[in-house]
Amino acid sequence: MKKDFYEILGISKTASQDEIKKAYRKVAMQFHPDRNPGDKASEEKFKEAAEAYEILSDPDKRAQYDRFGHQAFSGGRGNSGGGFSGGGMNMDDIFSQFGDIFGDESPFGSFFGGGGGGGRRSSGGRSHGVRGSNLRIKIKLNYEEMAKGASKTVKVKKYVPCATCSGSGAKDKNSVQTCGTCGGSGQVRKVQNTFLGQMQTVTTCPTCNGEGSTIANKCTSCKGEGRVYGEETVTIEIPAGVQEGMQLSMNGKGNAGERGGANGDLIILIEEEAHAQLQRDGLNVAFDLHISFPEAVFGTNIEVPTIDGKAKIKIPPGTQSGKIFRLKGKGFPSVNSYEKGDQLIHVNVWTPQHVSSEEKAMLEKMQDSKNFEPKPEKGDKSFFDKVREMFA
């Protein structure tokens, strides 16, 4: 079982964004690979902390995690087959996305992209491009797809890496040159004399924007961006039990970054396709069944629609209008547990609005029969009790 994200960072569920950031910084510094060389256990804890911060620092992802737990992001990560955010972060993901949280004062600042560079730096101090933005799409699912899960293949229009320059933005390898302003470090150091003595400040190089290199001859296809507007076919695995309004995230499937920067994420908003006969209420499904007066008197066997087909139920003789039958386990599964809802069938005895003279005569004879006088049994639940029970 995966550890709770709040527990990993050592914070409460009411922690503010500032508290989350400080907690992540503390844990990541403790288990940083540079501080624990060759220690696989520390490396895993470092990755766990980054994964927890990825979710909890994003208000939308945090809300989904609070509601659905790890299941809201089940599946695997985008760079390992296009799954959902929630596991398998690699070092490139961490350094490119969260490096700026450490700042220049950190002993690992250059490695993390301190000073707001926003990308991972190589041993020479250079970051790799600018991270791409996130994309949002909507996917409409029917009841069966929501109940069983589904695999959806969609075409997403977005920025993709330039095929001509492989995302570098340069015409050729010789067109990439070391930045003359920062000497390839991506940072500019400035020493000032003050009444307190000399003070040194470090800022991101304004010439190369912290990348440590400049492009002499830009790629003609992408104009030096390293990306072009195009289209990608993405397969989305929808877990069973999703609901209207739920958001899923695919890491790395958003817009491509500039000049080799990390890709953004693809956010998928779930929409519910209305069912012709059924209605959803949480995990339960409701169905209004109309039967004739003779069927209510004599009883009958009748087929009713369910999420995954039809089911036959028995209507016993003397069934009253308003009776509720329950089909156990025929509702929706929970996305975050083994719980499963039921299907609730609400019986309505249909009263004809027009009758023939022959039918009228028969009904008038029955009207005088004491057997047709309403005789509700003691202990029968009221209409409001039945409604409360139906949606309990």
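Helix H3 and helix H4 (residues 59–68) pack with their axes 6 Å apart, at an angle of about 105°. Axes are lines fitted to C-alpha atoms, for helices over the stretch in contact, and angles run from 0 to 180 degrees between N-to-C directions. Helices are DSSP runs (H or I, at least four residues), numbered from the N terminus. H3 and H4 are therefore roughly perpendicular to each other (angles of 65 to 115 degrees). Their contact (heavy atoms within 4.5 Å) is made by Glu 54, Ile 55 and Leu 56 of H3 and by Lys 61, Arg 62 and Tyr 65 of H4.

The model is predicted: local features need pLDDT of at least 70, side-chain atom pairs count only at pLDDT 80 or more, and totals for chains, interfaces and linings use all residues. Residues are numbered from 1 along each chain as its sequence is written, and side-chain values use heavy atoms, with hydrogens and water left out.

The axes of H2 (residues 17–30) and H3 (residues 40–56) come within 9 Å and cross at roughly 170°. That makes H2 roughly antiparallel to H3 (angles over 145 degrees). Gln 17, Ile 20, Lys 21, Tyr 24, Val 27 and Ala 28 of H2 make the contact with Phe 46, Ala 49, Ala 50, Tyr 53 and Leu 56 of H3.

Key:
Helices (H or I, at least four residues) and strands (E, at least two) are DSSP runs, numbered from the N terminus. Angles under 35 degrees count as roughly parallel, over 145 as roughly antiparallel, 65 to 115 as roughly perpendicular and the rest as oblique.
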